[in-house]
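Subject: Structure for your files, with notes on pockets

Hello,

Here is the structure I said I would pass on. My notes on its pockets follow below.

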Amino acid sequence: MIAIASTDDEIRNCFATMKQLRPHIEKNTYIATMRGMMKEGYQLAYLKNDVGLVSCVAGFKISHNLFLGKHLYVEDLVTAETARASGHGSKIFEWLVAYAKTEHCLAIDLDSGVQRHAAHKFYLNQGMKIVCYHFLAEFA
């Protein structure tokens, strides 16, 4: 079953899986960070495996822009290493597509690090296309 995390316990249960994608996150600030992001429209969907552990998480938000119109942007999507190739990523991706359609989105989009070749293969297998480059200027 896929659900959207709303309680602190649900958010906390997603931490170990999310940390595999975002190793810089800290457990002691994770819930506060998520709550801040949720105030800006971020949602956290999760899928539990047969023994009740979170095996896949997807952070996303509904947004509007001139390029795509109303769309669902996937900010984070990761399947726990122990659950990869189990179909959990496909299940949560299908759920995201269905959710986007119920919200009358015109598209679903995401960015993926250039080094994440397995993720790229997964997204292409889900019917996504590579349509642009993402540029970044960091300020430190």
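How many nonpolar, polar and charged residues does the lining of the largest pocket have? By class there are 19 nonpolar, seven polar and seven charged residues, where Ala, Val, Leu, Ile, Met, Phe, Trp, Tyr, Cys and Pro count as nonpolar, Asp, Glu, Lys and Arg as charged, and the others, Gly among them, as polar.

This is a predicted model, in which local features need pLDDT of at least 70 and side-chain atom pairs count only at pLDDT 80 or more, while totals for chains, interfaces and linings use all residues. Residues are numbered from 1 along each chain as its sequence is written, and side-chain values use heavy atoms, with hydrogens and water left out.

Largest pocket

Its volume is about 1100 Å³ (the space filled by probe spheres set on grid points, which are joined across faces, edges and corners). A pocket here is an open set of points on a 1 Å grid over the protein atoms alone, where a 1.4 Å probe fits, with protein on both sides within 12 Å along at least five of seven lines; lining residues have an atom within 4 Å of a point. Of the 33 lining residues, Leu-110, Asp-111, Ser-112, Lys-129 and Cys-132 lie nearest the centre. Strand E4 (69-79), strand E5 (107-110) and helix H5 (117-125) each give two or more residues to this lining (helices, H or I of at least four residues, and strands, E of at least two, are DSSP runs numbered from the N terminus). E4 provides the largest share, five residues.

Second largest pocket

This one has a volume of about 350 Å³. Thr-79, Arg-84, Ala-118, Ala-119 and Phe-122 are the closest to its centre among 16 lining residues. H5 gives the most to the lining, with four residues.

Regards
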